[in-house]
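Please have the model open while I talk.

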Amino acid sequence: MATKTIFRRIIDREIPATIVFEDEHCLAFQDVNPQAPTHVLVIPKKDIPSLAALQPADHAVVGHLLMVISRLAADLQLDRGFRVVCNSGPEAGQTVEHLHFHLLGGRPMLWPPG
Ligand code: AMP
C-alpha cells in the first residue's frame, strides 16, 4: 500500500489535529504553523493529490469544500475578509500531496503573494 500522507493520517485519527469542522466528505483543522490569526486547512476525505489531479468525478466534492469554507469563514467571524489558497505542485509550494485549501484571515493580506 502507498505511504499515507500526513493528512490521510489525520483523517484516520492516527495523528492529532485541532479539528474545527467535519462531515461525511471533508475535514477542517488548524494549520500547525499558522500564517495568520486564523489559518484552517480544509481537505476532502477522498484521496485527491492536488488540484492538478482533479477528475470529473471530483466535481461535487470540490464544490462542497468551497461551500464549507464559505460557512467556516462566517462562523469564524472573518467578516473583514479572508483569503483561500490552494498550492498545486512544487513550484507553487505544495508540500503535502493531499488536496487542501488554506483559509486565512484575521489580518490584512498583501498582494501579490510571495
Ligand atoms: P502546502 O505547503 O500548501 O502543501 O500546505 C501544507 C500545510 O500543512 C502547511 O501550512 C503546514 O503548516 C501544514 N501542516 C503540515 N503538517 C501538519 C499537521 N500535522 N497538522 C496541521 N497542519 C499541518
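Let me begin with α1, which contributes the most to the shell around the ligand, namely three residues, where helices (H or I, at least four residues) and strands (E, at least two) are DSSP runs numbered from the N terminus. This is a predicted model, in which local features need pLDDT of at least 70 and side-chain atom pairs count only at pLDDT 80 or more, while totals for chains, interfaces and linings use all residues. Residues are numbered from 1 along each chain as its sequence is written, and side-chain values use heavy atoms, with hydrogens and water left out.

Of the 16 residues around the ligand, those that come nearest are Asp31, Asn87, Thr95, His100 and His102, a residue being near if one of its heavy atoms lies within 4 Å. As for polar contacts (pairs of N or O atoms within 3.5 Å), a polar side-chain atom of Asp31 lies 2.5 Å from a ligand oxygen, and a polar backbone atom of Thr95 is 2.6 Å from an oxygen atom of the ligand. For His100, a polar side-chain atom lies 2.8 Å from an oxygen atom of the ligand.

Which pocket does the ligand sit in? The ligand sits in the second largest pocket, a molecule being counted there if more than half of its atoms lie within 2 Å of the grid points. A pocket here is an open set of points on a 1 Å grid over the protein atoms alone, where a 1.4 Å probe fits, with protein on both sides within 12 Å along at least five of seven lines; lining residues have an atom within 4 Å of a point.

Notes:
Polar contact = N/O pair within 3.5 Å; in protein donor to acceptor, adjacent residues only side chain to side chain.
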